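User: Could you walk me through how to read a few local features in a protein model? I would like the general idea and then the actual case.

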Amino acid sequence: MSLQVGIVGLPNVGKSTLFNALSAAGAHAANYPFATVDPNVGMAEIRDERLATLARLAGSAKAVPATIRFVDIAGLVSGASQGEGLGNQFLGHIRDVDAIVHVVRCFTDDDVVHVHGDLDPVGDAEVVATELLLADLQVVERRRERAQRTARTGDADAAAEVTALDALAEHLGAGEPARTLEVDPETRGRWRGLGLVTDKPVLYVANVAEDDLPAGNAHSDALARRAADEGAECVVVCADVEAELTALEADERAEYLAALGLEHSGLDQVVTAAERLLGLVRFYTANPNEAHAWHVPRGSRAPRAAREIHSDMERGFIRAEVIGFDDYVALGSEQAAKDAGRLRVEGRDYVVRDGDVLQVRFNV
């Protein structure tokens with residue numbers, strides 16, 4: 001899949017450190033050379049206990065995890081919506097992503113200069129949010145002017161678009177992101193093609209010092225309250241710790257996490273939260289050659305899932321043989337599931353569920 005998550009924030013908040021840890025965690029990391037304008041792109045693997053279990057039960061030679069593409073976007077500064085700093089490039093890159101991870105500095109370090117002088121995570125988040133709102137408002141107002149001109153000719157569709165854009169402009173002007181405006185699907189569809197940044201789902205990452213793990217601190221608590229007000233999630237991480245963890249072997253990593261009082265790393269929390277942001281479910285294939293985890297948008301039907309495995313499978317789709325993950329594990333193998341009547345034969349209209357183990361039958 002080509003869905004991707006953009007990592008944004010002010011300069012010196014730990015954005016690139018988090019990105020480097022995320023991309024180093026994946027065997028298929030593919031970073032473009034860093035430049036102040038061009039974003040870095042990397043793949044993060046999802047650590048998946050279900051996949052490991054399936055690989056063991058199926059006797060698979062290897063296990064291939066699902067991945068999520070992350071983009072490290074140049075730091076935004078106040079005035080970016082007017083082109084300050086790398087504002088134009090920043091906004092162009094962020095409009096291309098499907099969801100946003102907003103990294104906010106919640107640590108004190110005299111050796112790392114704060115772009116605004118004092119540590120104020122909620123205020124920092126507000127700076128970024130305001131710039132994105134202003135940029136979206138400019139886009140909406142330009143589109144509304146064009147729609148108004150067309151509406152004056154008696155075009156009913158343009159008139160309906162003006163009404164929708166009026167409501168959106170008022171909402172943005174009140175300091176509220178587009179994603180929180182409650183409208184019917186038809187109305188929202190009228191501005192979907194605008195590429196509004198504030199219409200994208202957001203995950204806040206509170207970057208704290210190691211001593212503040214695992215619970216965070218007063219700054220991260222305040223950020224979490226702000227996120228909750230928006231209906232967004234907030235994850236507490238220490239980007240420096242995550243960078244150290246990626247360099248450790250599995251047993252050393254587990255020992256380090258236990259010493260910090262953590263069951264899962266911050267990266268694992270960020271990646272799984274990003275998976276939710278993108279509206280993805282995981283399904284699996286398992287055979288002696290490999291066990292493989294795949295992503296598909298929630299609500300996808302079986303042929304759409306087949307496409308993830310190979311385009312020919314969607315084109316020549318006949319049926320999907322499906323075993324639920326719990327049934328596969330309880331019975332111990334694909335054959336045992338068949339013998340117990342727990343393998344289902346599903347057609348083109350079957351909606352894939354999280355955890356399904358699929359065998360696609362096709363003919364091209």
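Predicted model: local features only at pLDDT ≥ 70, side-chain atom pairs only at ≥ 80, totals over all residues.

User: Let's begin with the cysteines. How many disulfides does the structure hold?

Analyst: In general, a disulfide is a covalent bond between the sulfur atoms of two cysteines. Here the structure holds zero disulfides. Cys 106 is in no disulfide, and its nearest cysteine sulfur, in Cys 234, lies 7.0 Å away.

User: Is Cys 106 buried or exposed?

Analyst: Cys 106 counts as buried because its relative accessibility is 1%, and buried means under 20%. Cys 234, with a relative accessible area of 24%, is partly exposed.

User: Now the backbone. What should I look for in phi and in the peptide bonds?

Analyst: Most residues other than glycine have a negative phi, and most peptide bonds are trans. With that in mind, take one case of each kind.

User: Then what is phi of Asn 12 near?

Analyst: Phi of Asn 12 is near 65 degrees, a positive value in a residue that is not glycine. Asn 12 sits in the loop between strand S1 (4-8) and helix H1 (15-24). With a relative accessible area of 42%, Asn 12 is partly exposed.

User: And which residues does a cis peptide bond join?

Analyst: Leu 213 and Pro 214 are joined by a cis peptide bond, with omega about 0 degrees. Pro 214 belongs to the loop between strand S6 (202-207) and helix H7 (218-230).

User: Last topic, surface charge. Which residues gather in a patch of positive charge?

Analyst: For patches, like charges are joined within 9 Å. The positive patch on the surface brings together Arg 142, Arg 146, Arg 149 and Arg 152. Arg 142 has its place in helix H4 (residues 121-151), and at 45% relative accessibility Arg 142 counts as partly exposed.

Methods:
Residues numbered from 1 in each chain as written. Heavy atoms only, no water. Patch = residues over 30% accessible without salt bridge, like charges linked within 9 Å, V, L, I, M, F, W, Y side chains within 5 Å. Areas by Shrake-Rupley, 256 points an atom, 1.4 Å probe, with all protein chains shown as cover. Salt bridge = Lys/Arg side-chain N within 4 Å of Asp/Glu carboxyl O. Lys, Arg positive; Asp, Glu negative; His and termini not counted. Charge placed at Lys NZ, Arg CZ, Asp CG, Glu CD. Helix = DSSP H or I, 4+ residues; strand = E, 2+ residues; numbered from the N terminus. Buried < 20%, exposed > 50% of the residue type's maximum accessible area, 1.4 Å probe, protein only. Disulfide = S-S within 2.5 Å.
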